[in-house]
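Student: I am new to this structure. Please take me through one part of it closely, and then show me what lies around that part.

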Amino acid sequence: MQFDTSGKVQLDHIYTQPDPRAYFGTLRELGYRIPQLAKPYFVKVIDEYRESRRVATPRVLDIGCSYGINAALLRCDVSMDDLYERYCDEDVRIESRDALLTRDRELARTRRRLNNVRFTGLDTSHEALSYALSAGFLDDAVRADLETNGLTKRQREKIAGTDIVISTGCMGYVTEKSIARIVEAQDGHRPWMAHFVLRMFPFHRVEECLAASGYETVRVEGVFPQRRFASPEEQSLVLDTLSSVGVDPKGLETDGWLYAQLHISKPRGAA
């Protein structure tokens, strides 16, 4: 196994396949569950935004969306277990990509439970975005690395007017640089944000960046298991990282799981 500078195992290959089968096959073995745990919180934020702002069709931007997993869970009202079965079944492994896409388009068409929400995905993987768009999980997509590059005019147009920004696990690799560029693209409009962030990644720089743009951030009480460690070595490396940032892992990461916290940011004065 290879590990990144934070100590996490590198799984880049599962995000650049033509379809999500490698993604789900790998993460199922690790008990990956954070999108499922995030789902009710995202629903609540969307409902509260729609009610308080009188917006009929909120526009949601999912940072690090990969194959449109959050959008699929919300739009089709399915669970992570449903998706694991869908993509990891023995018969599915031998299907063509076109056959898989046909089934997913049918899912998106017939199981549309969360109406009047528009999902845009932001990711660096062309393959993942292409699949999510073709399947109908996403309404639009922006392929960009905002850590190193600014938004093009066309990209700014696609994310301008975003109402809610969400993420499940990309923060830490995505920093205040990306968040600042997303906020700047709104031309004064300030979307609400809900980010699930691993405890090993301090959030204060993002919080400070947002505060400078008129936001206040609260951390929701509790922690959320993201996935099991891929190996004892990964656990050891992550424990070192947690120690270096002053986070006590006792009873959480020491028991074999990565844990996240939920940070919600709204413009000052919002309910």
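Tutor: What follows is a close look at one helix, the pocket beside it and the parts linked to them.

Keep in mind that this is a predicted model.

Start with helix α10, which covers residues 204-212. Three of its residues are buried: Val206, Cys209 and Leu210. An α-helix has 3.6 residues a turn, so residues three or four places apart point the same way. Now turn to the face of α10 that points away from the buried side. Arg205, Glu208 and Ala212 are there, and they are exposed.

What covers the buried residues of α10? The cover includes helix α9 (176-184) and the strands β5 (192-198), β6 (215-219) and β8 (257-267). Just past the end of α10 comes glycine 214, with a positive phi of about 95 degrees.

With 3 residues, α10 gives the most to the lining of the second largest pocket. That pocket holds about 220 Å³ of space. Its lining includes His204, Arg205 and Val206. By class, the lining has 7 nonpolar, 3 polar and 2 charged residues.

Alanine 194 is buried, with a relative accessible area of 2%. Among the residues it touches are Phe42, Val45, Val165, Ile166 and Ser167. Alanine 194 also touches Leu262, His263 and Ile264. Take His263 from that list. Alanine 194 and histidine 263 are 69 residues apart in sequence, but their C-alpha atoms are 5.8 Å apart in space.

Ile166 leads on to another strand. Isoleucine 166 is in β4, where it stands opposite aspartate 62. Strand β4 covers residues 164-168 and runs parallel to β1, joined to it by 4 bridges. Strand β1, residues 59-63, is mostly covered, with 4 of its 5 residues buried. β1 also pairs with β2 (residues 118-123), again in the parallel sense, over 5 bridges. There, leucine 61 has threonine 120 of β2 as its bridge partner.

Of the 36 residues that line it, the closest to its centre are Tyr15, Gly64, Gly169, Cys170 and Tyr173. The elements that give two or more residues to this lining are α1 (21-29), β1, α3 (69-76), β2 and β7 (224-228). By class, the lining has 16 nonpolar, 12 polar and 8 charged residues.

Finish with two loop residues. Most residues other than glycine have a negative phi, and most peptide bonds are trans. Serine 66, in the loop between β1 and α3, has a positive phi of about 50 degrees although it is not a glycine. Serine 66 counts as buried, at 4% relative accessibility. Aspartate 77 is in the loop between α3 and α4 (80-88). Its phi is also positive, near 50 degrees. Aspartate 77 counts as partly exposed, at 39% relative accessibility.

Notes: Residues numbered from 1 in each chain as written. Predicted model: local features only at pLDDT ≥ 70, side-chain atom pairs only at ≥ 80, totals over all residues. Heavy atoms only, no water. Buried < 20%, exposed > 50% of the residue type's maximum accessible area, 1.4 Å probe, protein only. Pairing = 2+ DSSP bridges. 1 Å grid on protein atoms, 1.4 Å probe; cavity = no way out; pocket = protein on both sides within 12 Å on 5 of 7 lines; lining within 4 Å. Nonpolar A, V, L, I, M, F, W, Y, C, P; charged D, E, K, R; others polar. Points joined across faces, edges and corners; volume = space filled by probe spheres on them. Contact = heavy atoms within 4.5 Å.
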